[in-house]
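Morning, everyone. I have one model to walk through today. Please have a look at it before I start.

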Amino acid sequence: MHCIRHVTEDLIWIGGNDRQHPLFESTHPVPRGMSFNSYLLLDEKTVLFDTVDRAVQTQFFENLEHVLGGRKLDYVFVHHMEPDHAATLGDVMLRHPEATIVCNGKILNMIRQFHCTDPKEVHLVNEGDTITTGRHTFTFVNAPMVHWPEVMVSYDSTDKILFSADAFGTFGALNGVLFADEVNFDRDWLDDARRYYTNIVGKYGPQVQALLKKAAGLDIQMICPLHGPVWRKDLGYIVDKYAKWAAYEPEVQGVLIAFASVYGGTETAANILACRLAELGIPVEMYDVSVTHYSYVLSDAFKYSHIVFASTTYNNGIFVSMENLLHDIAHHALRNRKVALIQNGSWAPASGKLMGEILSGMKGMEILEAPVTLKSTLAPGQDAELEALAKVLAASVKGEEIVEEAPAPQDKPKGFVCKICGFVYESDTLPDDFICPICRRPASDFEPLA
Ligand code: FEO
């Protein structure tokens, strides 16, 4: 049974929604499912705009044959060869050998790679070429690396529709809706749109900016992406979001705290820092990166202006979930964030230095302070370091100068901490023959409290 929606009178959405596969691209969780959009135009000629993922092929072919209603398929415009859109192209070519495949040279090469065959009929297009199908005229525009090198988009100058391939897509199945104005997009969809953008094309900000620049020269009244809802109202909203994301500009002046903690010491420090920031009126988001998929953390790293990475030391390195996150953020080319670090290590803290090394390889990452260092847990009095860090972060978020406050002498804790186990002996002096009551180490293994 067919399941379709009209985009316009003669343009019909014939895609499908998948809610069975937990991961998109075998990587990104999609708990709200995923839509794979395909469109069919019924002009004097019929035009299919891309195909779909195998996950929804049964619904797609039911839709395609129903909407064609026995008409021949004249054209298939192939904008992108990633198999979430082109896996069923081979089947379309078998069912409709009469159809002319419209694509660029790179797409043709990928058709050969993925489907091990040449289309019977091919019409190669270059940048700016046009095809008229009756009432409609389409212009083709290359969009390399949004998201693969072969990608192109097409523009219907008759109804002023941009067929944008992956651009302006989002995670999430379309639950009966088709248009972004049928949902509360900002409340219910923006987070998934950002997570989709940052994880799928976030690395290619300059190429997305190039596409936006080309699109700015067109009178676009509607955007038909290959994932997520169609945009027919308030296009400036989503175009502005894309412009920000592509330029690596934060949407929110606030702090993302990403922490990796094994026994809770690092987590407690992160929580205390979050409290101090919240008290200063700073928006805060927090993730335990060992339990939250990195795609969510990456997305919020694009969203927030400041990031705190807090990690324990593990095997003389960064804890694995934090190391993976940092490499993922680096691979997605995030830049221009202000950063602070918290490191933990019970005998040889090293994660701060190592996290700093990864960040130093990224553009425009400014580390605000030397890392706050924990040895197992916060030592007595060390919460003052977190309070000071919160003030530095808050001032930076607000764009203020930080005024150093000399701590009152009576505020400074007096005592000595065992370098081995962290036991604190509270006194002005430490007897020479003192023995740690916890680990039995001598006074020489103690140091004054910082
Ligand atoms: Fe939705 Fe790059 O494929």
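Among contacts in the protein chain between residues at least 6 apart in sequence, what percentage join residues at least 24 apart? It is 70%. Keep in mind that this is a predicted model.

Now the overall picture. The protein chain has 450 residues, and 54% of them count as buried. It holds 13 helices and 26 strands. The C-alpha trace spans about 95 × 40 × 35 Å along its principal axes.

His6 has Ile12 in S2 as its bridge partner.

Two helices to point out here.

Arg54 sits in the loop between S8 and H1. Is Arg54 buried or partly exposed? It is partly exposed, because its relative accessible area is 42%. Leaving out residues up to four places away in sequence, Arg54 touches Ala87, Thr88 and Asp91. The Arg54 side chain reaches the backbone oxygen of Ala87 at 3.2 Å. Also look at Pro83. Arg54 and Pro83 are 29 residues apart along the chain, yet their C-alpha atoms are separated by 8.1 Å.

Now His79. This residue is in the loop between S9, residues 75-77, and H2, residues 83-86. His79 has a relative accessible area of 1%, so it is buried. What does its side chain make a polar contact with? The partner is the side chain of Ser154, at 2.7 Å. Beyond its neighbours within four places in sequence, His79 has a list of contacts that includes Phe49, Asp50, Ile107, Phe163 and Ala165. The stretch from Glu150 through Val151, Met152 and Val153 to Ser154 is in contact with His79 too.

That brings us to Ala165 itself. Ala165 is in the loop between S15, residues 161-163, and H5, residues 185-188. Its relative accessibility is 1%, so Ala165 counts as buried. Check the backbone as well. Most residues other than glycine have a negative phi. Ala165 has a positive one, near 55 degrees.

Tyr248 is another case. It is not a glycine, and its phi is positive, about 60 degrees. Tyr248 lies in the loop between H8, residues 235-246, and S17. With a relative accessibility of 2%, Tyr248 counts as buried.

On to S17, residues 252-260. Seven bridges join S17 to S19, residues 304-314, in parallel. There, Ala260 has Ser311 in S19 as its bridge partner. Five bridges join S17 to S18, residues 284-288, again in parallel. Phe259 stands opposite Asp288 in S18.

Last, a helix pair. Two packed helices are described by the angle between their axes and the distance between the axes. The pair is H6, residues 190-200, and H10, residues 294-303. Their axes come within 9 Å and cross at roughly 95 degrees. Therefore H6 is roughly perpendicular to H10.

Which residues meet there? From H6 we have Asp191, Arg194, Arg195, Thr198 and Asn199. From H10 we have Ser295, Tyr296, Leu298, Ser299, Asp300, Phe302 and Lys303. Sorted by type, the contact has three nonpolar, four polar and five charged residues.

H6 is mostly covered, with 10 of its 11 residues buried. Among the buried ones are Arg194, Arg195, Thr198 and Asn199. Leu190 and Ile200 are buried as well.

That is my tour. Over to you.

Conventions: Residues numbered from 1 in each chain as written. Predicted model: local features only at pLDDT ≥ 70, side-chain atom pairs only at ≥ 80, totals over all residues. Heavy atoms only, no water. Axes fitted to C-alpha atoms, helices over the stretch in contact; angles between N-to-C directions. Helix = DSSP H or I, 4+ residues; strand = E, 2+ residues; numbered from the N terminus. Parallel < 35°, antiparallel > 145°, perpendicular 65-115°, else oblique. Contact = heavy atoms within 4.5 Å. Nonpolar A, V, L, I, M, F, W, Y, C, P; charged D, E, K, R; others polar. Buried < 20%, exposed > 50% of the residue type's maximum accessible area, 1.4 Å probe, protein only. Polar contact = N/O pair within 3.5 Å; in protein donor to acceptor, adjacent residues only side chain to side chain. Pairing = 2+ DSSP bridges.
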